[in-house]
Amino acid sequence: MTSSTEEPKAVESVSQDGDEKLVRMSLGDHLEELRRRIAWSLLAIVGGVVLVLPFKDSVTGIYTRPYEQMWFQHFDDAVSKAKERIRLADENGEEIYSSVREQMEWLLEKEEDIRSGALPPEGYELIKTRGGVKLPRTLTAFSGIEDIWTFMGATLLFGLLLGAPIVLYQAWAFLAAGLYPHEKKVVLRVFPFAVLLLIAGASFGFFVAVPTGLYFLVKLMNFGYVQPVIGVSNYFGFLLMLTGALGAVFQLPVLMVALDKVGIMGHHAMRKNWRWVILLAFVFSAMLTPPDPFTQLMMAGPVIVLYVIGLLVTRPGAKRAEV
């Protein structure tokens, strides 16, 4: 009888063209390999989290940057409005309510200090009380643990980003065992472009879509009825949702190439159905973004551009097939 400790023998499988071999493992071997890869990935993520934990201020400063970018747009509007109102009042000899004029004059006096960062965080509340800027300079924590919970979520995300090279390697090592050599070459050729598109989509969301979308939402508010106070956890959820969605959306050209290569949908079919793609782009953007047309356009627009790029990439293959 065979000893229970004897390792199962691998079985070789030959591809259909007969010149590529694939080593097939038993189910137990696959599960053990998966367990080992997951363990290494978790260790990499935990290591990244441990490295990030001591730097709370730096981490918070990074994920609140889109809010600050949006706030300075709002601040620019407030300064421009104050300058224009004072100019018109002086030209026309009109009186401005004394406390309102004091707020505008204080705002214009402290404009450079606020822009340069010379005004310390302890004075941020003065921008609202003395300067009349309705939107708070910083995000708001509505409970004692909201800020720390948001920071822990951000720390986990940063740990994942730091451990991403090891996690991706472990995922590749597990999947590569089930691929033929020619399939590995295809994945290795496409994978760098997929990563670059993911980074491009997340960066577009972080630097453009999130601050611009928030700015537009705040602009829609009537400050006479609604005071714009944004909670840190709600903001962080919005940030993750939009950057993650755009990172996934930017994979569209890779998906189109894959569909074309496997024969599910070719270039001609994709070009023929472009109207449906535009419709679906706006439907999905409406599902994934806040209910305002500007933010939806910020997501649907890139989808349409990426679809055109996908059509350009798949076009050479369609021409070769016609020859």
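**Notes on the predicted model**

1. The largest pocket has a volume of about 780 Å³. The structure considered here is a predicted model. Helices α2 (56-63), α7 (146-176), α8 (181-219) and α9 (232-249) are the elements that each give two or more residues to the lining of this pocket.

2. Which residues lie nearest the centre of the largest pocket? They are L157, L161, L198, A202 and T243, out of 22 lining residues. By class, the lining comprises 18 nonpolar and four polar residues, with no charged residues.

3. The largest nonpolar core contains 48 residues, and those with the most contacts inside it are Y63, Y67, M70, W71 and Y235. Two or more residues of this core come from each of α2, α3 (65-92), α7, α8, α9, α10 (252-262), α12 (274-288) and α13 (293-322). Helix α9 supplies the largest share, nine residues. A second, separate core has five residues, among them A82, I86, A89 and M104.

4. When its neighbours within four places in sequence are left aside, W71 is in contact with I114, I127, V133, L135, P136 and R137. W71 also forms one aromatic cluster with F72 and F75.

5. The aromatic pairs number seven in total. One of them joins Y67 and Y235 in an edge-to-face arrangement, with 6.1 Å from centre to centre and 80° between the planes. This pair links distant parts of the chain, since Y67 belongs to helix α3 and Y235 to helix α9, 168 residues apart. Are these two partners buried or exposed? Y67 is buried, because its relative accessible area of 1% falls under the 20% limit. Y235 is likewise buried, with a relative accessible area of 2%. Both residues were named above among those with the most contacts inside the largest core.

6. A further pair is formed by F204 and F250; it is tilted, with 6.1 Å from centre to centre and 35° between the planes. Here too distant parts of the chain are linked: F204 is in helix α8, while F250 is in the loop between α9 and α10, 46 residues apart. F204 counts as partly exposed because its relative accessibility is 23%, whereas F250, at 11%, counts as buried.

Definitions and conventions
Residues numbered from 1 in each chain as written. Predicted model: local features only at pLDDT ≥ 70, side-chain atom pairs only at ≥ 80, totals over all residues. Heavy atoms only, no water. 1 Å grid on protein atoms, 1.4 Å probe; cavity = no way out; pocket = protein on both sides within 12 Å on 5 of 7 lines; lining within 4 Å. Points joined across faces, edges and corners; volume = space filled by probe spheres on them. Helix = DSSP H or I, 4+ residues; strand = E, 2+ residues; numbered from the N terminus. Nonpolar A, V, L, I, M, F, W, Y, C, P; charged D, E, K, R; others polar. Core = buried A, V, L, I, M, F, W, Y, C linked by side-chain atoms within 4.5 Å. Buried < 20%, exposed > 50% of the residue type's maximum accessible area, 1.4 Å probe, protein only. Contact = heavy atoms within 4.5 Å. Phe/Tyr/Trp six-rings, centres within 6.5 Å; stacked < 30°, edge-to-face > 60°.
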